Structures are given as structure tokens and as C-alpha cells.
Amino acid sequence: MKNMALPNSAYRIQLRNGLSFNDIAAIVPYLNDLGIDTLAISPIFSTIDVGRGKKSYNPTKLDRDAGGEAGFVALDSALRKFGMGLIVDINPNQMPATHHNPWWFDVLEWGSESGYADHFDVDWKKRLTLPVLQRPLIEEVQAETLQLKFDPNKFAFGISYGEVFYPLFPKSYETILRGVENSLSNDFLDAVNDSDAHRSDEFHIRLRELYDTSELVHRLELASRLKEISQNIAMLEDVLSMQKWRLVTRQKARRRMNYRHSFESMHSVGVQVEKTQPFKDFHEVPLDLLEISQVIGFRVNQIDGLADPETYSQELRRHAGEKAYLVADKILLDGEPYPASWHVDGTAGYEFISVTANLMVDHAKLAALEQLYSSNIGAQSTLHYRGAKSAVLHSRFAAELQALVDLLILIEPNAADELELRRAVSDLVIELPVFRTYSNEAGILEAYRSILQSTISDILARPDAADPAPLKFVQRVLEAANDPEGKIGQFIVRFQQLTAAVMAQAIEQSYQYGRGPIALDEVILRSSDAGDPVQAFHEKMLGKAATAPRGMLATTFSYTTKFGEDARMRLLALSEAPETWCKAVARWRGLHAGHVATIEETLAPDPQTEWLIYQTLAAIWPLTLQLDDENSLQAVHNDLCAFIQKAISEIQRDSFWTEINKPYELAVMDYIGQLFADRSFLLDFRETMQPFWVAGAINSFSQTVLKATAPGVPVIYNGAESWDFAVSNIPASNDIDFDALTARLSYADQCPLNILLEDWHTGAIKQRLVAAHLRARKRKPELFIAGEYIPLKVTGKKRKNIVAFLRKHESDYCLVAVPRQPYEAVKRFHEPFMPIPAWGDTALHIPAEINGKEFQDIMTGNRLTLADKCLVADAMRGFSTISLMSD
């Protein structure tokens, strides 16, 4: 096996909107200059756009749209030149359920006879139920939207519906060809008679040869027959009845789905990588790349959807080798332990979003902010994710819920009434505060037993609590020994997979938008208890240093977030001055009250949506935006409209939504248009938000330094080395101007720091901050990956406004201190720089082992000899963070 190096930092890019392997190869020199030593890209295998971004559908082929094999070789060569590694995404949990997916195509065609039948998580006791029709089948036939055809690319008969092709079971060809008396028809029937599900490729090659060499008149006769059947309801239904699948509406399929899915039913199907052959087939090419290319490891997506994440990750480690870099796209929620038994290097790092936000938010003023929010909009702020989980469970996973209830009845027929069991399972799925529980042969893991028991206690303590017996029965089943082949084992696995899928969908959807005055739930469901946020940060980082020091640290781009990393830091600054912010929102709402419409007794926008509009505008406003720049103003207007349009769609506010959604939406868009037409408002908005944006920038500096120096591998998402004020996930990769970033990095490297601070709006100052720290990591990688994490004591009047720690490895040290909650200190200034007098007597207590040693600041280059106390005012004279590194 090749000698693989673990990453010291990573730069993540998604192949979207025409971005190719060659395009990425061209920016490798820039990434190297930035200090990056590892590239992480997704997806690299054959993809299809399923409406939520591109998804890999064939793990055995490199994405042709991205440049295929030739493009990948160009990228690999560029990485090799600079000694950079590559991390690629794999998603063993699911694949797109599309005819483009050759494995799924084979399953649609042959059903349980397919050689890939065991690759997918399908209940083969009945035909595949495909919830894809917009209307009942008879209406679709009458509208001629279902067309029987011979696809000359797939070399198969099938039903075409929209852009999707559903292949027919070969044994049903005889019904189609009946009445077509020509040699092509006869030859096709001979091929069918000789066909075998395990030699499907040979069958289709033969059909291609027969079709390509047939006479045109025979093809036309065949086409005429297919059209005749397509227009005859009885004949078409006869053909459809013979297939291994059936097409139904989503509504009809809610309780009849018989394959596992994680997102929209039509878009995904669960993979059974816990079985030997599916695991081998899925990982063969990725593992080959690990051997022959710059690929150093994998990021495993949706690992919580697997039947047994622990066994899977251990098996992947066994095949990839101990030197491969493996991270799991697993989000650890509050109190959830790191899964050390998985034998991965860590997680994708999204929990760091929560950790840093909890540090930056002003917990002491949150109650006031909530109260002002409630009085301003006339509604209480509530956590919506439980309601979202309930909606997701009953609308998208009703069939899975019913299957669990059916299993419970089989386990113990007289345990409880079916309706009571349904409620018990539903309550558990909705209330469980983590993605899922985990079990092994002995039963549920102890940490998750406690979480389960606590959840059940909370459910039973509710005023509307039902008879506890059904819930206690479900608890006994979930805590039993896990026999995968038995009914109890099946229930445990299905329940765990379901809770993970429901949580993921709920987080991604509606509750994220209507949850209150600022983006607290942007940090994954909830902020931690106030307590001492600095101490909480230290405890989290000490834990990470002990359990997963090579795991990733991410601050943006996750389905758990709606805002870019710097937009989120702005929103957290709002918590420091709730009166100022709430008065401004009230003033703006009053100013534009005449633009609020009424749609069937519902205000449009309603007060919560109004608040969301102003909050979002505060988050995304570009620092360089000039009010006389009509094109840039229009771009911000478009971004805001797109975000709010998605928000009001996904919130599905009130029961009126499906009936009057379009008029409501148009009224909201008109309201936003009026805001941008009002220059006096825009001037007021910009002036009001300026101090929050300055405070937000300092928050961003702190977050950037923490990510670069805390235990773990910092991940920079494409473009986020400069200001990241994006909404609804990261901007499309090809929207990032890497030529501009390259030029700006050169400027940032050469420009005096005070000039960069004056010019902070351009983002060059953040780019320099990122580059300086990543380059420092390159010089002493072991210090940051393997070094100790030592919290430092801080004293003085502003001790609560700073977090400080020391990284130590052998004789190498890095002392880090960053400000928090800076609004009060900087509200009168126009540059993101903490005024020196504000720190007063605030000092860092220096450990004896580095007392008297000389250090150099990573950002400013200033040298400082440390005494037993280091005044923050002295160390922050050049920049508002401290990163002192030993020689």
C-alpha cells in the first residue's frame, strides 16, 4: 500500500453546475499557497441531479460530466505535484432510485431475480411500489403521459414517464410483441426465451444487435404496436400488471412503500452494505483509487442510515488499512459520546458549529431577546423541530412506521392495541433527542440506554401522556439483545434507521426557518445550557483531543445550517444588543406596514416572516455593496427572495398553505421588492447594522482562529476563506471566482495589516488570517494534530470576553486567545479591531514552562517574550486575536 499522509487541513469543493476535475486541477497551486495540504471533493462518481444537488448513482464509474478518467488523472497529477492528498465522499447508505443507476435498473427489470436484488433494502414479499405519479394511473394514461417504448440507449422495453424510464420484465415482452408478425419481433422473443437475470448484460447486447440490424419497416411496425398499447387503458394495465414494480401516487404509497429511503421516496433507495457482495461491489473502485492515486481516504456520508454503522466502519477500516483517513458524516448532539469503536479518525466536524456558536452567543441576554421578539411579533418563539419531525414521520415515512408496528405485533400479539403501539413508536421517534441509538449483540449501548430511558420518562411526564404499558413494551424490545435475523433484531435496526432519517429531514426542513429571533438552532437543534460557555468550550476541546484529534472541524456547509459561517456570526452578535435590534425591526415593520397584504384573513408576510426577512437581510448583506450599484442590489434582492420563498414553502405555515400558497408567496415577494425600492430604508438599515457587522467580523476572526488551532483538522469550504454570507448552503462551486481569490491572496500577503483592516470589507483580511494559520500548521503539523490542549486562566475585568488555551507538543507551543461578545467594545467603530483600552487589566496566566520564552504572533509577525502574566492589551496591539507560536 502507498505511504499515505494524514491531512493537516482540508479544502472542500462540490462538483456542481459544470465544475470539472480540470477546473479544480487549475486551482491546486492557489490552494497550496493558501496552506492547504488536502483536497476534499464530492461527488466524483457518476452523478445525477435529483433536485437536492448532484448524487452519485454508480460507485464504479468516475463522473463523465466532470471529465471522467482523463479529468481525474489531470487532477491527480496536479495534486501529486504539490504533495497534496484527496479525500472523496462515499455514501454507502443509499443510491438514487433512477434508471441511470445500473444496479437499480436491473432490479426494476428482474425484481427479486436480479443479481442486485440483495444490494438494496427491499421487502420482496410484494412488488416494488414506486410513488412517482402526479395523478392516479388511469388519469395519467388518459393524458398519455405514460408511453410504452423501446429505449435504443438502454436496449430494453419500458414505460417512459417524464424523464424517467421504467424497464419491463423481459418475460412480459411476449404480451407486447403479440400481433407484430415480423423477424424483429420473433428475434426479440427468442432472446427473451434465452434470457437469464444473471446474464442481463448479454441479453441487452443481443437486443441492441437485433434492433440495429433490423429493417426500418419492422421497427416502425414495432413502434406502432407500442403506441397502440400506450393509448389503450386495458392493454397498458395488462402490461403493467406483469411488472416487478407498480407506479402509484405519493399519497397512495404512503403506507405501502416497501424499500428503505432516506429522502424523497422517488430519489433514493437504501443499500445493504452490511452484506458481503454489496459491500465489495460498492467499495471496489474507491478502494482501488486509494491504492493508485492521491486519494488518502473517505468521508462516509449518512452513516447513521446504515443497519450497523459500527460493523460497517470497522469493515471499511479493515479493507482501507490503518493508514487511510476515514471520517464519518455523523453529527454528535449534546451529551452524545464519540463512537470510538467505529475505528474512524473522527467526524465531519459539524458539531464544531454548535461549540463555537455557544461560545459567541450572549446567553445572559437571550431571555430579553426572546421577550422582545414575542412582544414585537405577537407570538412566542418555540422550538419547531418536534413538529417538523412529526410531519416528516407521518407524511414521508408512514410505511416504515406501519412496518414497525406490524413487527411489534408479530413479536407479542397481545402486547397492546395497534393504535397504542403506533402512538408509542411515533412519540419515541419524535422525542428522541439524537439521530439514533446504537445496539450490539448484548443490547443497546449504555450511553444510549440512558438517552432512551430519559426520553421515555419525558414522554410519560407529559400532561397528555397515554397508558405507559405500550411505551414500556417498545422500550423492552429496544433494550433486548440484538439478533439481526430475528423479529426483535429487525425492529431495532428499522427503528434506528427510521429515527436517523426523520431527524435528518426535520433538521433540513421547516423548523429551521420559523424558530425565533436568531439562528440558535442553526447550531444543531439547540444551544447548550448557558453555564460557563468558555468552560464548556474547553471541555469539548479536551474531549476532542482525547477521543478524535484527527477528526474534522467544520464551520459551514451542512444540511443543519441555513447560513454561511460569517452570516451566522453576524446573527449571534444580535444577541448582544437585543433592544437595539428589536427596536430597529419594529421601526422597519412600521415603516412598511402599508405593504403587508391580507390573503384570506392571513397577513402576508405574517409577523414571523417579516422578522425572518430583516434577519436574513442582516445576515447576507455584502460589505462591499453600494446603494447606487443596481446590479449588486438586484443580486441581494434575488438571494433574499429565493431564501424566503424556500422558507415559506418548507414551513408550510398553517393549514391554508396548499390552497393559497401562490398569492401568499407573491405578496411576500412584493413586500421584499418594496424594501429594496425604499432607499431611505436601505440607508437606515445599513447604518443600524454597521456595529453588528463589525462585531460579527470579530466573531468570525475568533471562529477562524479557533478552527485553525483547536484539536482537529480544519475544513475550509470553497470561497469561505473570504467572507461567507451565503444562505441555504454554500454557493454553487462555479460561482466562486478563484482568479479573484488568487489575486486577493497575493495582495493580502503583501499588504500591511493596518491597511487590510481598513479594507476589511473585501475579505482579504480573513483570507490572510486563514492562510497565516494554515501555513503555521504546515510548519508544525504534530503540534496541532497530536499536541496537548491546555486551557489557560484569564483574569481582569474582561476575563469573560476571552477564551485562551495552549497547544503543546514536545518543545513546540502555540498560545491562542480570541475575543468573544465584542459588540459593546466596538459599536462606535467602523473597523473590526478591539480597542486596546477596553481590555484594561485583563491578562492571560502563562504556564511556568513557557515563562520567559519568546514567541511570534502568526498573524502580525510581532515577537513577544512571555512573563507569568501576559496583558491582552499588549498582545492584541496589531490584531484582535492572539496566536503566539514558539520558534
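This is a predicted model: local features need pLDDT of at least 70, side-chain atom pairs count only at pLDDT 80 or more; totals for chains, interfaces and linings use all residues.
Residues are numbered from 1 along each chain as its sequence is written, and side-chain values use heavy atoms, with hydrogens and water left out.

Asp 606 sits in the loop between strand S20 (602–604) and H24. Helices (H or I, at least four residues) and strands (E, at least two) are DSSP runs, numbered from the N terminus. With a relative accessible area of 9%, Asp 606 is buried; here buried means under 20% relative accessible area, exposed over 50%, and partly exposed in between (1.4 Å probe, protein chains only). At the start of H24, a side-chain oxygen of Asp 606 also comes to within 3.1 Å of the backbone nitrogen of Gln 608.

Helix H24 itself covers residues 607–620, 14 residues in total, and reaches 20 Å from its first C-alpha to its last, close to the 20 Å expected at 1.5 Å a residue. That expected span is 1.5 Å times one less than the number of residues. Because 13 of its 14 residues are buried, H24 is largely enclosed by the rest of the structure.

Now for another buried side chain: His 261 has a relative accessible area of 3% and is found in the loop between helix H10 (250–253) and strand S12 (269–270). Leaving aside neighbours within four places in sequence, His 261 is in contact (heavy atoms within 4.5 Å) with Ser 268, Arg 396, Phe 397, Glu 400 and Ala 501.

## The S8-S9-S10 sheet

Strands S8, S9 and S10 form an open sheet in that order, with antiparallel pairing; two strands pair if DSSP finds at least two bridges between them. S8 (146–151) and S10 (164–167) stand at the edges with a single partner strand each, so one side of each is left without a neighbour in the sheet. On average, neighbouring strands of this sheet are turned by 35 degrees against each other, direction ignored.

S9 (residues 156–161) is joined to S10 by four bridges, and Gly 158 has Pro 167 as its bridge partner in S10. Helix H3 (residues 102–110) lies across S9 and S10, running at about 50 degrees to S10. For such angles, axes are lines fitted to C-alpha atoms, for helices over the stretch in contact, and the values run from 0 to 180 degrees between N-to-C directions.

## Salt bridges

The model has 37 salt bridges, each defined as a side-chain nitrogen of Lys or Arg within 4 Å of a carboxyl oxygen of Asp or Glu. One of them joins Lys 244 and Glu 113, with the closest N and O atoms 3.8 Å apart. Lys 244 lies in the loop between helix H9 (233–240) and strand S11 (245–249), and Glu 113 in the loop between H3 and strand S7 (128–133), so the pair ties together parts that are 131 residues apart in sequence.

Arg 494 and Asp 121 form another, at 2.6 Å between the closest N and O atoms. This pair links distant parts of the chain, with Arg 494 in helix H20 (residues 487–508) and Asp 121 in the loop between H3 and S7, 373 residues apart. Arg 494 is partly exposed at 36%, whereas Asp 121 is buried at 5%. There is also a network of salt bridges that links Arg 423, Asp 427, Glu 431, Arg 462 and Asp 464.

## Strand S27 and its partners

Strand S27 (residues 854–857) has a covered face, Phe 855 and Asp 857, and an uncovered one, Glu 854 and Gln 856. S27 pairs antiparallel with S28 (residues 863–865) over three bridges, and Glu 854 stands opposite Thr 865 in S28. Glu 854 also forms a salt bridge with Arg 863, the closest N and O atoms being 3.1 Å apart.

The hairpin of S27 and S28 has five residues between the strands, and Gly 861 takes a positive phi near 85 degrees there. S27 is also joined to strand S30 (residues 882–886) by three bridges, again antiparallel, with Leu 884 in S30 as the bridge partner of Asp 857.

Note on methods:
A polar contact is a pair of N or O atoms within 3.5 Å; within protein, one must be able to donate a hydrogen and the other to accept it, and residues adjacent in sequence count only if both atoms are side-chain atoms.
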